Amino acid sequence: MARMKIETLTDAEKALMPRCVEEWTRIGLSTEAADRPRAEAAIRQMYRQANLKEPRIVWCGSPLSMALTRHVLKSDEFREAMERSGDSVWDSVWDSVGDSVWDSVRASVWDSVRASVWDSVWASVRDSVGASVGASVRASVRASVRDSVRASVGASVWASVGASVWASVGASVWASVGASVGASVWDSVWDSVRASVRASVRDSVGDSVWDSIYGQHDVSWLSFFWYFHEIRLRDETAPLSGMWELARSAGWALPCEGICFISERTSLLKRDESGRLHCEDGPALAYPDGFSIYAIHGVRVPPEIVEQPGAITIDAIHAQRNSEIQRVMIERYGWDRYAEDCNAEIVDHDERYGTLSRYTQARGEPIMFLRVVNGSPEPDGSFRKYILPLASGLEPLPDPDDPDGELGAPQDLTALNAVASTYGLRGEEYAALVVRT
């Protein structure tokens, strides 16, 4: 007999949603050391559920060293070194692979790579690491559970739980942390290996990122299905039990045929009041092997911008091609100081609304800012001067004469329009508002 669809939720089931969000967000942001026995049991369970032979398990200190370990083991250099064997094996690998990695990667991950391989892997594993099954396992299990649950749940309930659980946990974990980890693994290799081997290492590590199961960072969608598991759909969601256990006990995993790499959890995590990765005096996120991410209000930046803000120069600011990183560099340099040092041109001056200035970079992109005076007096009766950064100009706003049309033409570069744009208003709207108040 077919099970009836869940078309409505009871009060008790609705009350489970915020508790589900809280629990799985905590799991996703955990900095506790991995529970290795529990994680290894979860991996074996996942392989059994996928009808695969239980794998040899290799622990790594981070997703980066996990990806590099797989790359080394796949390489011809490793195969040749293992064939020669003996004490010279690691020197041979280092000569042909390690020397291609600059000190920044070598110092943070090679010890973890070497220990992981030495402790857990022998000559027979090379063929196994070439065939990753992580992406296919994740996709097939997720699709199977999704279809099974979707068939048992009404559209309104599906949407309600998705908006409450999936979106909430995802915003706290994947959007702010997990995606940054994946991007940083890629960038760490891109920035740190010589051009002669960059493409092969980059592609290998990129494949590892996409082939991974993200463990604690998969909690946005795992929590969604866990919720249905807890209320009524036990059988439909049972195939996810291994992934739930991995998320609760470890970081990323990279399953391959016959071998599975597992990463430790993050060991340090700092965020701002909006939940974005943020730390002004050190890494915002770090792993036990030294792999770390520096970020200011969610913008990933090179370590020196955080640790050595006094070394930032005008030339370095203008040489930075990433506008978000450039904005952070100016903030660390100081907008007041930047305004004085960059010799910007004055675009418009208004006694009431301030002075609009622009610096045009060599590549033609402008940096704009507005010097204004706070309309509210300080406790001592003075009026504080400050700067409103405007990035690269004034965004076009909807044309009030064409409310159904696309964005209107760019606004005129005036101080009035500039200060109004910071409130999402057009100049005339802001001026009228100021007059009324």
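Visitor: In this predicted model, which residue lies over the face of Tyr333?
Guide: The ring of Tyr333 has a residue over its face, at 3.8 Å from the ring centre. A charge counts as sitting over a ring when NZ of Lys or CZ of Arg is within 6 Å of the ring centre and within 35 degrees of the ring normal. The residue over Tyr333 is Arg337.

Visitor: How far is the charged end of Arg142 from the centre of the ring of Trp221?
Guide: Trp221 belongs to a cluster linked by ring pairs, with Trp158, Trp166, Phe224, Phe225, Tyr227 and Phe228 as the other members. The charged end of Arg142 sits over the Trp221 ring, and its distance from the ring centre is 5.0 Å.

Visitor: How many aromatic pairs does the structure hold, and what is the angle between the planes of Trp335 and Tyr338?
Guide: The count of aromatic pairs in the structure is 17. Trp335 and Tyr338 form an edge-to-face pair, 5.8 Å centre to centre. Planes over 60 degrees apart count as edge-to-face, and here the angle is 85 degrees.

Visitor: Why are Trp335 and Tyr338 separated by about one helical turn?
Guide: Both residues are buried. They belong to helix H18, which covers residues 335-341. The separation is about one helical turn because, within H18, Trp335 and Tyr338 are three residues apart.

Visitor: Which parts does the pair of Tyr338 and Phe369 tie together?
Guide: The ring centres of Tyr338 and Phe369 are 6.2 Å apart and the planes are at 70 degrees, so this pair is edge-to-face. The two residues are 31 apart in sequence. Tyr338 and Phe369 therefore tie together helix H18 and strand S11 (residues 366-373).

Visitor: Is Phe369 buried or exposed?
Guide: Buried means under 20% relative accessible area. Phe369 has a relative accessible area of 0%.

Visitor: Where does Asn51 lie, and is Asn51 buried or exposed?
Guide: Most residues other than glycine have a negative phi. Asn51 has a positive one, near 60 degrees. This residue lies in the loop between helix H2 (36-49) and strand S1 (56-60). Because its relative accessibility is 71%, Asn51 counts as exposed.

Visitor: What is the relative accessible area of His297?
Guide: His297 also has a positive phi, near 45 degrees. The loop that holds His297 runs between strand S7 (295-296) and strand S8 (299-300). His297 is partly exposed, and its relative accessible area is 31%.

Key:
Residues numbered from 1 in each chain as written. Predicted model: local features only at pLDDT ≥ 70, side-chain atom pairs only at ≥ 80, totals over all residues. Heavy atoms only, no water. Helix = DSSP H or I, 4+ residues; strand = E, 2+ residues; numbered from the N terminus. Buried < 20%, exposed > 50% of the residue type's maximum accessible area, 1.4 Å probe, protein only. Phe/Tyr/Trp six-rings, centres within 6.5 Å; stacked < 30°, edge-to-face > 60°.
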